Amino acid sequence: MAQSIAQPTAGNPAVPAKLPLKEIAPWAVFFGVLMLVLLYFVGAEQGATSVFNGTDVHEWVHDARHLLGFPCH
């Protein structure tokens, strides 16, 4: 049985494709704003800075608040 061995060829090395910043920027801004809104609701939506009346938002994010280290009691 003959086995063939691949021989390296002298050529240009593979170059990774470049990602255009113009395509990534809108998505990065969108997800950045989304993360800031979620961080606000988990960390500060309670008391004097609350957007919604009552404690409904606080109850929905209560466990996440403790998991991320925000005090609430």
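## Surface and basis of the model

The accessible surface of the protein chain comes to about 6900 Å², and 68% of that area belongs to carbon and sulfur atoms; such areas come from the Shrake-Rupley method with a 1.4 Å probe, and for residues only the protein chains shown count as cover. Buried residues make up 10% of the 73 residues in the chain, where buried means under 20% relative accessible area, exposed over 50%, and partly exposed in between (1.4 Å probe, protein chains only).

The model is predicted, and local features therefore need pLDDT of at least 70 and side-chain atom pairs count only at pLDDT 80 or more, whereas totals for chains, interfaces and linings use all residues. Residues are numbered from 1 along each chain as its sequence is written, and side-chain values use heavy atoms, with hydrogens and water left out.

## Fold and confidence

The protein chain has three helices and zero strands, and its elements run α-α-α from the N terminus on; helices (H or I, at least four residues) and strands (E, at least two) are DSSP runs, numbered from the N terminus. Of the contacts in the chain with a separation of 6 or more, 19% are between residues 24 or more positions apart, a contact meaning heavy atoms within 4.5 Å.

The mean pLDDT of the chain, the predictor's confidence in each residue from 0 to 100, is 81, and 89% of the residues reach 70 or more. Confidence is lowest in helix H2 (residues 56-60), with a mean of 79, and highest in H1, at 91. Where pLDDT is low, the predicted coordinates should not be read in detail.

## Aromatic pairs and the nonpolar patch

The structure holds four aromatic pairs. One of them joins Phe30 and Phe31, whose ring centres are 5.1 Å apart and whose planes stand at 70°, so the pair is edge-to-face; rings of Phe, Tyr and Trp (its six-membered ring) pair if their centres lie within 6.5 Å, with planes under 30 degrees apart counted as stacked, over 60 as edge-to-face and the rest as tilted. Tyr40 and Phe41 form another edge-to-face pair, at 5.4 Å centre to centre and 70° between the planes. Tyr40 is partly exposed at 25% relative accessible area, and Phe41 is partly exposed at 22%.

Phe30 and Phe31 also belong to one aromatic cluster with Trp27. Phe30 is partly exposed at 45%, as is Phe31 at 42%. Met35, found in helix H1 (residues 21-43), is partly exposed at 48%. Trp27, Phe30, Phe31, Leu34, Met35 and Leu38 form a nonpolar surface patch with about 630 Å² of accessible area together.

## A buried arginine

Arg65 is found in helix H3 (residues 62-67) and is buried, with a relative accessible area of 1%. Leaving aside its neighbours within four places in sequence, Arg65 is in contact with Phe41, Val42, Gly43, Glu45, Gln46, His58, Phe70, Pro71 and Cys72.

Definitions and conventions
Patches are made of residues with over 30% relative accessible area and no salt bridge: like charges are joined within 9 Å, nonpolar side chains (Val, Leu, Ile, Met, Phe, Trp, Tyr) within 5 Å. A salt bridge is a side-chain nitrogen of Lys or Arg within 4 Å of a carboxyl oxygen of Asp or Glu.
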